[in-house]
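Thanks for coming. I will take a few minutes to walk through one structure.

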Amino acid sequence: METKTTCNNLPNFVSSFVDTFVDFCVGGIFLPEPPSPPVFQTSFPSPERLIAIGDLHGDLLKSKQALRLAGLIDSNDRWSGGSSTLVQVGDVLDRGGQELKILYFLEKLKRQAVKSGGNVITMNGNHEIMNVDGDFRYVTLSGLEEFTNWADWFCIGNNMKSLCDGLEKPRDLYEGIPLSFPRVKQEYVKGFRSRIAALRPQGPVATRFLSKNLTVVVVGESVFVHGGILPDHVAYGLDRINEEVRDWISGLKEKVASSLVRGRNSLVWLRKFSNEVAKDCDCSMLEHVLSTIPGARRMIMGHTIQEAGINGACGNRAIRIDVGMSRGCINGLPEVLEINENSGVRMRVLTANPNPNPMYHNNNHDSGGKESIGLLIPQQVEVEVEA
């Protein structure tokens, strides 16, 4: 006897269809089938080609320009980086209105890269932590609108699922969230509620995207972190840091130590090694930290805008890659860091700037792209700039 297809015997199919529908309405893309769940790890071996990209702050156009500059996506926005590894050092959120679209886009690239033997590693910046904490000081109106749109579609999806008897009734997205906030105008309340719902610990966006981020990662000889690492952080344990931040974001742990993710000396706020004023870079501290991480030769960080472009300090032991490329920051021209194991030049900057910092020395090495200029990492000079 032929079985009638209903929600009762195909609940997972219905749920998957609804999720795909909502994803497309919010992100504008169809996500490929996810690979097997990746192992949550802090250390990775050296890839043949390693690309590092700094803060993106809600600017999808500039994000794609940077990825294309590195040869990681093609003209159809698909992964073209082969076995390359990409590390994005955090601060996707705030200052722009396409935060969710970037999260979706990076998730798509993660899934495509794995099929080519590549890897996309995303990280937490201070702005990810702030948003999970409900600190929306740097949110834009367009950012509120994007999350309001997400919440509307998410609720439509939940309503569709609730019609299916074979599916568990979805939890109310706004459960426990106030209907008003002190000093928040009424026209912004829906955006605030939507953003809290999405990004609070165990929120759908926090769990799906941010909980997969690392807070510190070692790839070959390079240690990546948004702000910086101090000896106390190493002593605490890099694996332990990643696990505790992940568990807090996903709602498995009630809180996370402020010394790790809040305050000027935390991993995502530290500026000891990224300040553009030379005398403020603590090279002796940096050497000590690197000496306690097996195999580490350099620390690569974002967080502090380098108006002169990507540069190195402390004998290139500190590489600073936040160029403020988002139009919500200083609208800097995209630049990315490349570390190529197969090249005589181990590190270089790929830049869209036709007049790069004169401290750079052209290495006459083909960058592989018409817009790219291959440049050696410059030593930083003493220049007073606004942080």
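Predicted model: local features only at pLDDT ≥ 70, side-chain atom pairs only at ≥ 80, totals over all residues.

Let me begin with the cysteines. The structure holds one disulfide. It joins C283 and C314, and the two sulfur atoms sit 2.0 Å apart. The angle about the S-S bond is -80°, and the link is left-handed.

Are the two ends buried or exposed? C283 has a relative accessibility of 31%, so it counts as partly exposed. C314 comes out at 16%, and because the cut-off for buried is under 20%, C314 counts as buried.

Next, the core. The largest nonpolar core has 106 residues. Which residues have the most contacts inside it? They are I53, V87, V217, F224, I229 and M299. Of the elements, α3 gives the most to this core, with eight residues.

Take V87 from that list. Leaving aside neighbours within four places in sequence, V87 is in contact with L50, I51, A52 and I53, with I121 and M123, and with V217, V219 and F224.

Now a loop residue, I29. It is placed in the loop between α1 (11–27) and β1 (43–44). Its relative accessibility is 17%, so I29 counts as buried. What does I29 touch, not counting residues up to four places away in sequence? The answer is D23, F24, Y104, F105 and K108. I29 and F105 are 76 residues apart along the chain, yet their C-alpha atoms are separated by 7.9 Å.

Last, helix α6, which covers residues 186–199 and has 14 residues. From the first C-alpha to the last, α6 reaches 20 Å, close to the 20 Å expected at 1.5 Å a residue. The buried residues of α6 are V189, G191, F192, R193, S194, R195, A197, A198 and L199. What do they pack against? Their partners are α3 (99–115), α4 (126–132), α5 (141–162) and α7 (204–208).

Notes:
Residues numbered from 1 in each chain as written. Heavy atoms only, no water. Helix = DSSP H or I, 4+ residues; strand = E, 2+ residues; numbered from the N terminus. Expected span 1.5 Å × (residues − 1). Buried < 20%, exposed > 50% of the residue type's maximum accessible area, 1.4 Å probe, protein only. Contact = heavy atoms within 4.5 Å. Disulfide = S-S within 2.5 Å. Core = buried A, V, L, I, M, F, W, Y, C linked by side-chain atoms within 4.5 Å.
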